Amino acid sequence: DYYSSISGLETLLRVENHYMWAIGKHLVEVERLQTELDRLIDELDTEYEKRQQSSEFYYDYPVNAFKAINRIAADWQEVFKLTRQIENLTIYNESSHIPEDAVTLPTDEDLRGAARGLSRLQQLYKLDITNITDGYLRDRKYSSEMSAFNCYVLGKSLYESEEYLTASEWLIEALEKSEKENEKSNNAKAFDDSNINGGDIENTTDGIFPYVSIAEILEFLAPALFYAGKHELALAVNSKLLSLEPDNSIGLSNRDLITAETKIKRRTSFIEAKYDKSEIQDLYEQTCSGEFEQRIAEKSQLHCHFTTKNVPYYLLGPLKMEELNTDPFVAVYHDVIYDKEIKEIIARSKSDIERSTIGSEDNSDINEVRISKNSWLAYDSALMAKISQRVADITGLSMNMSEDMQVANYGIGGYYGTHYDFSENPEEDNPDDGNRILTAMFYLNDVDLGGATAFPHLRLAVPPIKHSLVVWYNLHRSLEPDFRTAHAGCPVLKGSKWIGNIWFHAVGQELIRPCDLKPDHDISKPHMAMGVD
Ligand SMILES: O=C(O)CCC(=O)C(=O)O
Ligand SMILES: [Fe+2]
């Protein structure tokens, strides 16, 4: 799929490049045939005129008699041959086949995914829809304006994804754009026409291409509003549709649906339940959007320091450690992976990157909670062995029981909803190596906007800074899960996000991180109740 990461999007540019080339070739051929046809018809026309104006003795001349026969038998056949050629012109069709077999084209599901991604960003970062459609992101213009048709497709995709409230907003935006576009094209026409024939405006309804009519937008807007629980508005919008097109079959059946009391009641209770956001989702959104900041009491305890971790190697250039939370322990180490290493890691991952699943390596599922792509790198190369040693040095833990590095890439709107890295069922999931005790996660690039790692319970959003490694303990010293470590990847708003995850497991770390004298896990129990997504 195309919507979960940007790593496939460059391919689309190549596909479009190819289409452009093919249609260019096609047009050249169309023009050549057209010119030939014009010339032929011109000649025939001249002859025809001549004959019409000549006397009744025209056919007495043998050459004329021959010409007359020849025109029907040969000349006109040439014309028909050309018109058949134009009709059967297949250059574009043939060459629109994509050159590389490996490329699969984006599907409707991709389009729906991209639409959901854009709408998620708009909601979470509280962006203004009109701003987005004008091509602005946080006061800077990045894109050209979206057309009414773009907004309509987006609204329709969200409708199909049953996101009715946001679908309505985009469809309303489509209406506004459509009105503006009609105005613009009418003005342009009036101007053209007045130049040519004195300003007679005809056929004012076709806007810019690809075109969507007001009625087509209303056909979706009415039911979207209805399912979003806005019945009065839905009814008004549907009436508007029927006033434009009294026989519109969708409008007529929607009217029945909207006015049927019983159905309304059944639907609304269902909708209200659906729009009820969980507490953890609220916390997550507010941590990602920066509305929540870490508590002062916690912040004031934090330190930044240079450390050698008792590893002689780091005496040459000590580690820059920034503590982010003391209990549970979260810290980020800056400048611990080099550009050259990052390049190689990303290049290797690109070859077998796949849509991310949830769960461990061999027991996993594709799920909407996680929109990204990933692949796994073993520590069997010189580079990965070096990385493995470095992470062991930094964390002080043994890599014996750690998983391969999981490299993940999020595209625009890509995110990972609130989750725990530990298993809630360790006896079943990790019988031999124990639960995931610690996460070490490299940020492999700078994300232009968004993409922080959020810890909703800690009100902490860790910014993704290239070359850094964020580290946290998922388990208490007692090895019981620490529910305060629920965390999430916030949606990427601009750019893309690459991370490299290493999970350490608990078995074999007992001497390195011993238990406290008293079990320490009661403190996180209250957070368990809130759960995750
Ligand atoms: O993308 C992020 O910042 C978090 C990723 C994460 O938590 C995970 O992959 O387990
Ligand atoms: Fe995680």
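## Reading a metal site and its surroundings

User: At 4% relative accessibility, does H487 count as buried or exposed, and what are the cut-offs?

Analyst: H487 counts as buried, because its relative accessibility is 4% and buried means under 20% relative accessible area, with exposed over 50% and partly exposed in between (1.4 Å probe, protein chains only). Keep in mind that this is a predicted model, where local features need pLDDT of at least 70 and side-chain atom pairs pLDDT 80 or more, while totals for chains, interfaces and linings use all residues. Residues count from 1 along each chain as written, chains are lettered from A and ligands numbered from 1 in written order, and side-chain values use heavy atoms, leaving out hydrogens and water.

User: Which protein donors does the iron ion (ligand 2) have?

Analyst: Donors are N, O and S atoms within 2.8 Å of the metal (3.2 Å for Na, K and Ca), and sites may look incomplete as water is not among the atoms. Here they are H419 (NE2), D421 (OD) and H487 (NE2), at 2.0 to 2.2 Å from the iron ion. Their spacing in sequence reads H-x1-D-x65-H. H419 sits in strand β12 (residues 415–419) and H487 in strand β18 (residues 487–489), so this pair ties together parts 68 residues apart in sequence. Strands (E, at least two residues) and helices (H or I, at least four) are DSSP runs, numbered from the N terminus. H419 counts as buried too, at 10% relative accessibility.

User: Which residues come nearest to ligand 1?

Analyst: For "around", a heavy atom of the residue has to lie within 4 Å of the molecule. Of the 13 residues around ligand 1, the nearest are Y410, T453, H487, K497 and N501. Taken alone, ligand 1 exposes 290 Å², and the protein buries 99% of that (Shrake-Rupley areas, 1.4 Å probe; for residues, only the protein chains shown count as cover).

User: How many salt bridges does the structure hold?

Analyst: Side chains of opposite charge can pair when their charged atoms come close. The cut-off is a Lys or Arg side-chain nitrogen within 4 Å of an Asp or Glu carboxyl oxygen, and the structure holds 21 such bridges. One of them joins R436 and E403, with the closest N and O atoms 2.7 Å apart. R436 lies in strand β13 (residues 436–443) and E403 in the loop between α16 (382–395) and β11 (405–410), so parts 33 residues apart in sequence are tied together. Both R436 and E403 are buried. There is also a network: E109, R112, R116 and E160 are joined by salt bridges that share partners. Within it, E109 and R112 meet at 3.2 Å, N to O, and both lie in helix α4 (residues 108–124), three residues apart, about one turn of the helix.

User: Which residues form the nonpolar patch on the surface?

Analyst: Patch residues need over 30% relative accessible area and no salt bridge; nonpolar side chains (Val, Leu, Ile, Met, Phe, Trp, Tyr) are joined within 5 Å, like charges within 9 Å. Here I41, I72, W76 and F80 form the patch, with about 360 Å² of accessible area together. Helix α2 (residues 62–87) gives the most, with three residues. F80 lies in helix α2 and is partly exposed, at 37% relative accessible area.
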